[in-house]
Amino acid sequence: MLQQQTEKPRLTSTQKTLFALPALVVVHIAYYWPQLPERMASHFGPGGKADGWMSKQENMIFYLVLVSISSALWASMGWILKKSPDESINIPNKEYWLAPERREQTLMRMGHQMSTFGIATVAFLMAVMHSVFLANLNGGKQLGAVFFIYLVGFLIYTGIWAYQMVKDSKVPEAP
């Protein structure tokens with residue numbers, strides 16, 4: 001009797017990128033580990049002043065776990081969407097896009113969009129941690145201005161991404 005072979009879902013390039021980011025974090029940590037103080041400023045309040053500290057080891061574990069969980073969650077969004085009931089999916093023109101003949105393609109598009117946003121989000125987290133490393137190399141009292149550049153860049157990207165999501169959800173005009 002022949003067994004039916006089910007094709008395993010292939011990872012997209014965005015998913016592969018998300019799964020590679022924790023490895024990049026390990027390299028980031030390995031590079032800065034010998035240079036960083038044992039007690040690190042880990043939280044910065046208004047104006048970028050340090051107001052919370054943790055050990056270097058706790059900080060690095062937090063960083064790696066945060067990026068790993070975030071990457072896995074964002075990479076899984078396409079699968080999560082496919083398993084979700086239509087009622088829990090919030091998309092403009094939902095009736096049109098989630099109609100049976102368009103549902104699979106729509107969810108693939110949304111999964112890709114979510115993975116792309118995930119890359120930007122995880123990259124932003126990594127940039128924030130890089131700013132924390134730099135602050136600690138400079139005495140740990142103040143978060144540098146580069147953090148705010150990263151923040152503004154991420155907010156601009158988020159606005160463009162959201163605009164594109166809404167634009168992609170418009171119902172096409174009939175020919």
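Select Asp-86 to begin: with a relative accessibility of 25%, Asp-86 counts as partly exposed (buried means under 20% relative accessible area, exposed over 50%, and partly exposed in between, with a 1.4 Å probe and protein chains only). The model is a predicted one, in which local features need pLDDT of at least 70 and side-chain atom pairs count only at pLDDT 80 or more, while totals for chains, interfaces and linings use all residues. Residues are numbered from 1 along each chain as its sequence is written, and side-chain values use heavy atoms, with hydrogens and water left out.

**The salt bridges**

Asp-86 and Arg-103 form a salt bridge whose closest N and O atoms are 2.8 Å apart (a salt bridge is a side-chain nitrogen of Lys or Arg within 4 Å of a carboxyl oxygen of Asp or Glu). This pair links distant parts of the chain, 17 residues apart: Asp-86 is in the loop between helix H3 (77-83) and helix H4 (94-97), and Arg-103 is in helix H5. Helices (H or I, at least four residues) and strands (E, at least two) are DSSP runs, numbered from the N terminus. Side chains of opposite charge can pair when their charged atoms come close.

How many salt bridges does the structure hold? There are 3. Select Glu-38 and Lys-56 next, a salt bridge with its closest N and O atoms 3.3 Å apart. Glu-38 lies in the loop between H1 and S1 and Lys-56 in helix H2, so this bridge ties together parts that are 18 residues apart in sequence. Is Lys-56 buried or exposed? Lys-56 is buried, at 3% relative accessibility, whereas Glu-38 is exposed, at 59%.

Now select Glu-101 and Arg-102, a salt bridge in which the closest N and O atoms are 3.4 Å apart. Glu-101 is exposed at 58% relative accessibility, and Arg-102 is partly exposed at 22%.

**The nonpolar cores**

Turn to the largest nonpolar core, which has 31 residues; Phe-44, Tyr-63, Val-67, Trp-74, Val-122, Met-126 and Phe-133 touch the most other members. A nonpolar core is a set of buried Ala, Val, Leu, Ile, Met, Phe, Trp, Tyr and Cys residues joined through side-chain atoms within 4.5 Å. Two or more residues of this core come from each of H1, strand S1 (39-44), helix H2 (56-75), helix H5 (103-137) and helix H6 (146-168). Which element gives the largest share of this core? H5 does, with 10 residues.

Select Val-67. Leaving aside residues up to four places away in sequence, Val-67 touches Leu-21, Pro-22, Val-25, Val-122 and Met-126 (contact means heavy atoms within 4.5 Å). A second, separate core has 7 residues, among them Ile-89, Ile-91, Trp-97 and Leu-107.

**Helices H5 and H6**

Show H5 and H6 together. Their axes come within 10 Å and cross at roughly 175 degrees; axes are lines fitted to C-alpha atoms, for helices over the stretch in contact, and angles run from 0 to 180 degrees between N-to-C directions. H5 and H6 are therefore roughly antiparallel to each other (angles over 145 degrees count as roughly antiparallel). Among the residues that meet are Phe-117 and Phe-124 in H5, and Tyr-150 and Trp-161 in H6.

**A last stop in H1**

Finish at Gln-15, found in helix H1 (residues 13-32). Gln-15 is buried, at 15% relative accessibility. Apart from residues up to four places away in sequence, Gln-15 touches Arg-10, Ala-75 and Ser-115.

Definitions and conventions:
Parallel < 35°, antiparallel > 145°, perpendicular 65-115°, else oblique.
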